[in-house]
Amino acid sequence: DVTATKLAEKLAKSYIDEVLQIDDLVHIDSISSKSDSTPVKSDDTDKELEGVVAYMGSVQFAPGDDWIGIRLTGASVGNGRNDGSVKGTHYFDCGEKSGVFVKRAHVRKQESEPSNDDSVENPVIPVPPKPENHWRVLVASDGTSLEEASFLLLQSFSRSKQHRDVIMNNREFTSTLAAAIRSSTNMDFKLDALELLSSFTMHYCEPEEDLMKLFCDVIESQTRILQLSRDRQEQSSSKHLLGVVVLGVQNLMCYQNAGDQVKPLHAATDLFIFLSETLFSGPKSRRTAVSKTEGILFSNLTSLFVLFLGNEDTRKVLSTTRCMSSLIRFVMMTSGVETMDCHIAFSNKEGEEYWEAAHTYCLQSLMYIVNEASQKHLGTSYAAMIKQCQPSSNAFRTCLQHISDRAHGGAPAVSARQLLITLERLS
């Protein structure tokens with residue numbers, strides 16, 4: 001068979017001439033759509049795809065150890081067969097229908113211009129002569145080139161410390177990227193760019209005022225979108241973006257002066273109050289349909305609260321009637337008391353661990369701030385405040401008792417018992 005012979009020759013040549021590695025740019029031959037287990041769609045059989053090598057080796061859905069998992073890029077995005085997972089097994093990360101698996105024989109490296117040894121050993125990310133113009137053109141261009149540029153930035157960041165340092169140390173680049181984030185209406189671009197900037201925060205060792213201001217502005221603007229929008233897709237995108245930004249704020253606040261920590265914490269508490277009150281007061285269907293994205297956002301927000309409970313200025317931000325009422329209501333919603341109408345059914349769902357974490361952080365926050373001094377600061381008793389925010393008489397105490405009685409309750413059970421003792425003493 002002529003086709004089989006050519007295929008065998010190509011396979012042998014590919015192993016000799018081309019050694020593939022993760023992150024290599026590759027082309028996928030159209031013949032793969034007719035012979036492999038997870039090819040491109042049938043209506044694209046004559047279309048050559050391009051992408052980046054994201055996985056190499058054996059797979060569970062087919063025999064052989066020469067499978068290549070490819071994250072599609074450019075115009076090929078959306079023409080794949082999966083999101084990096086096949087039949088419940090996760091192999092790599094990519095967008096929906098932007099991943100494919102093909103045999104090694106059908107993959108070839110993209111041709112590139114030869115480079116000298118120095119450029120290979122010490123790769124340098126080219127910086128446009130006028131980065132502000134570069135980003136303005138990207139923001140105004142079509143989504144494909146914009147998403148590709150964002151992806152390449154993230155990829156460059158993840159490859160090596162040298163690439164990361166090149167981008168992080170270019171202040172003009174980061175400032176113009178921040179300006180593009182503020183002006184762009186492309187949510188995919190904003191998410192990619194903010195994930196890049198948020199990842200930088202894990203490596204900064206000093207205050208970053210400009211980046212913190214950007215994150216605070218994003219939190220405030222996206223909170224307003226959540227308050228006004230009725231579009232579920234827009235709300236979900238905003239919550240995903242906010243989860244990324246709040247994590248960046250948490251990293252940056254470790255190096256902020258005590259006084260500078262108040263504004264970002266105010267923005268975070270306003271967001272938490274809105275989200276928790278919306279869940280508590282909204283229809284039961286909303287609590288039933290909670291998502292992993294929301295769990296991550298609540299977990300990041302409440303872990304931020306716990307992180308700065310030791311600072312008196314930031315503790316005062318949490319010790320307000322509105323914030324404490326929201327913390328109490330969140331604890332009731334996540335306590336596991338299924339007979340209560342406010343119950344959030346997150347058990348055995350994707351993202352359960354994030355909801356559990358947020359539940360624990362809320363209990364720890366309340367345990368720390370519920371005391372004589374904060375009650376005096378509130379100007380009202382905790383009993384009166386709890387009476388106003390709970391759905392029925394003694395609902396909060398019932399939830400705390402349920403949490404403290406759990407077998408192997410761990411930190412939540414300890415916090416719940418401590419809260420019960422403190423509330424009894426203050427009543």
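Arg287 sits at 1% relative accessibility and so counts as buried (under 20% relative accessible area; over 50% is exposed, and in between is partly exposed, with a 1.4 Å probe and protein chains only). Its place is helix α11, residues 284-288 (helices are DSSP runs of H or I with at least four residues, strands are runs of E with at least two, and both are numbered from the N terminus). A polar atom of the Arg287 side chain lies 2.7 Å from the backbone oxygen of Leu279 (a polar contact is a pair of N or O atoms within 3.5 Å; within protein, one must be able to donate a hydrogen and the other to accept it, and residues adjacent in sequence count only if both atoms are side-chain atoms). Leaving aside neighbours within four places in sequence, Arg287 is in contact with Leu279, Phe280, Gly282, Met333, Asp341, Cys342, His343, Ile344 and Ala345 (contact means heavy atoms within 4.5 Å).

The model is a predicted one, so local features need pLDDT of at least 70 and side-chain atom pairs count only at pLDDT 80 or more, while totals for chains, interfaces and linings use all residues. Residues are numbered from 1 along each chain as its sequence is written, and side-chain values use heavy atoms, with hydrogens and water left out.

Now for the overall picture. The protein comes to 19 helices and seven strands, and of its 427 residues 48% are buried. Its accessible surface is about 21,500 Å², with 50% of that belonging to carbon and sulfur atoms (areas come from the Shrake-Rupley method with a 1.4 Å probe; for residues, only the protein chains shown count as cover). Taking contacts between residues at least 6 apart in sequence, 70% join residues at least 24 apart.

The largest nonpolar core holds 85 residues, and the members touching the most others are Leu214, Phe215, Met332, Leu366, Phe396 and Leu400 (such a core is a set of buried Ala, Val, Leu, Ile, Met, Phe, Trp, Tyr and Cys residues joined through side-chain atoms within 4.5 Å). Helix α10 (residues 262-281) supplies the largest share of this core, nine residues. As for Phe215, its contacts beyond four places in sequence are Leu194, Leu197, Ser198, Thr201, Val245, Gly248, Val249 and Leu252.

Helix α17 (residues 382-389) has Tyr382, Met385, Ile386 and Cys389 buried. Looking down the axis of α17, these buried residues fall within an arc of 95°, so they line one face of the helix (the arc is that of the directions from the helix axis to the C-beta atoms). Exposed Lys387 and Gln388 are carried on the face of α17 turned away from the buried side. The buried residues of α17 pack against α10, α14 (321-333), α15 (352-369), α16 (372-378), α18 (395-404) and α19 (410-426).

Two of these packing partners also hold residues worth a look. Tyr354, in helix α15, is partly exposed at 28% relative accessibility. Not counting residues up to four places away in sequence, Tyr354 touches Lys292, Gly295, Ile296 and Ser299. Gly410 belongs to helix α19 and is partly exposed at 44% relative accessibility. The C-alpha atoms of Gly410 and Thr360 are separated by 9.6 Å, and the two residues are 50 apart along the chain.

On the strand side, seven of the nine residues of β2 (residues 49-57) are buried, so this strand is largely enclosed by the rest of the structure. Strands β1 and β2 run antiparallel and are joined by four bridges (two strands pair if DSSP finds at least two bridges between them), and Ile28 has Leu49 in β2 as its bridge partner. Strand β3 (residues 67-72) in turn pairs with β6 in the antiparallel sense over five bridges, and the partner of Ile70 in β6 is Val100. Four of the five residues of β6 (residues 99-103) are buried, so β6 too is largely enclosed by the rest of the structure.

Finally, the backbone angles. Most residues other than glycine have a negative phi. Asp23, not a glycine, has a positive phi of about 80° and lies in the loop between α1 (2-17) and β1 (25-28). Lys87 has a positive phi near 50°; this residue is found in the loop between β4 (85-86) and β5 (89-90) and is exposed at 75% relative accessibility.
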